[in-house]
Amino acid sequence: MPDIRIENLTKSFAGQRVLDGVSFTVHDKEFVTLLGPSGCGKTTTLMCIAGLQTPDEGLIACGDETFTDRRVGHRTTDEPAERRNLGIVFQSYALWPHMTVEQNIAFPLRLRKIPRQAIKERVAQVLELVELTGRGKRYPHQLSGGQQQRVALARALGYSPKVLLLDEPFSNLDAKLRERARDRLKEVQHALGLTTVFVTHDQHEALSMSDRILVMNRGQILRDGAPHEVYRQPGSRFAAEFLGHCNFLTGAVTAGPDGTPVLKAPEFPEGVVVRGAHDGPTATIAVRPEDIEIGPAAEGAPVVKGTVTTGPEREHAGTPGTVLDAAYHGDHYMYLVEVGSSRISVQSRRELTRGPAWLSIPPGAATFVE
């Protein structure tokens, strides 16, 4: 399957710019997710790739084929959607209610004037692929939401597209169905080696399914990286907040004995050893709730020993706080803890009661954000 190349894509509606110089590449067989809130430009980007919307400027290419070229000084090219050979699954599935499952899947093949016997064989193949064998004669209203989603996927795969485009295809499913649908889609994508662009606002979908995540906001890509990279090193406060829960602390940046940056915030006056680099004099750090250690005050605050690549060992004592609230999530608790004048979210497997507690941020658990 070919790479997809997007260069300097811009798009405005009614004078308001919704894409502002978007550039990225999706490599062969890669699963890339555009992640962001409503209105960030992710669906517009997908629709431009599909040929269902036309950008004001930019380049969209798939392998050696140019779909759209609206760069200044270049001959304008806009390949129509039906000639791009891209499979797309919409949020609403867009199944034809008057057609059976088989007819829905066969329709794009008939438009391409595929021989009748070849269509029959291909429909049977994709029905087996999405585990819907035996349901080909049913109509969409006779299927569950999860089955309808798989019919939409089968229709997109029926004509062996170059690239698979997915616009929030699980948003109409309940939690259990979403989980099964995600697993099935990843199996199909791996089995077929499909280059895939996936649009979602769901952080769990993005983290569990993607080879790479592109965090978008206000028509721009703020962060591009593997799921663990984007999660652990979000770079911006927006990316950190959107991709999971996060706490933010602001304070003065000093250098430890070995030169490692230490942030001294009012909540943690002893300092937090931060991974990365920062010139200071002040900065903001992000720390995930699961990276903060917590325990009851009666247990006593531990001394956390932190070592870095060079230099002497340092010791950091726990910081006192007060557990205000607790929420049970099955495999962990989420605590709201008051530390000084701030409130911090902490995730732990330990069961604690409301009242005094201690907190500690291990060295390197926090990262700088802008």
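Me: Which residues line the second largest cavity?
Reply: This is a predicted model, where local features need pLDDT of at least 70, side-chain atom pairs count only at pLDDT 80 or more, and totals for chains, interfaces and linings use all residues. Residues are numbered from 1 along each chain as its sequence is written, and side-chain values use heavy atoms, with hydrogens and water left out. A cavity is a set of points on a 1 Å grid over the protein atoms alone where a 1.4 Å probe fits but cannot get out, and lining residues have an atom within 4 Å of a point. The lining consists of Y231, R232, P234, C246, R275, A286, V287, R288, D291, A365 and T367.

Me: What is the volume of the second largest cavity?
Reply: The structure has three cavities of 30 Å³ or more. A volume is the space filled by probe spheres set on the grid points, which are joined across faces, edges and corners. For the second largest cavity the value is about 50 Å³.

Me: How many disulfides does a search of the whole structure find?
Reply: A disulfide requires two cysteine sulfur atoms within 2.5 Å. The sulfur of C246 is too far for a bond, because the closest cysteine sulfur, in C40, is 19 Å away. The search of the whole structure gives zero.

Terms used
On a 1 Å grid over the protein atoms alone, a cavity is a set of points where a 1.4 Å probe fits but cannot get out, and a pocket is an open set with protein on both sides within 12 Å along at least five of seven lines; lining residues have an atom within 4 Å of a point.
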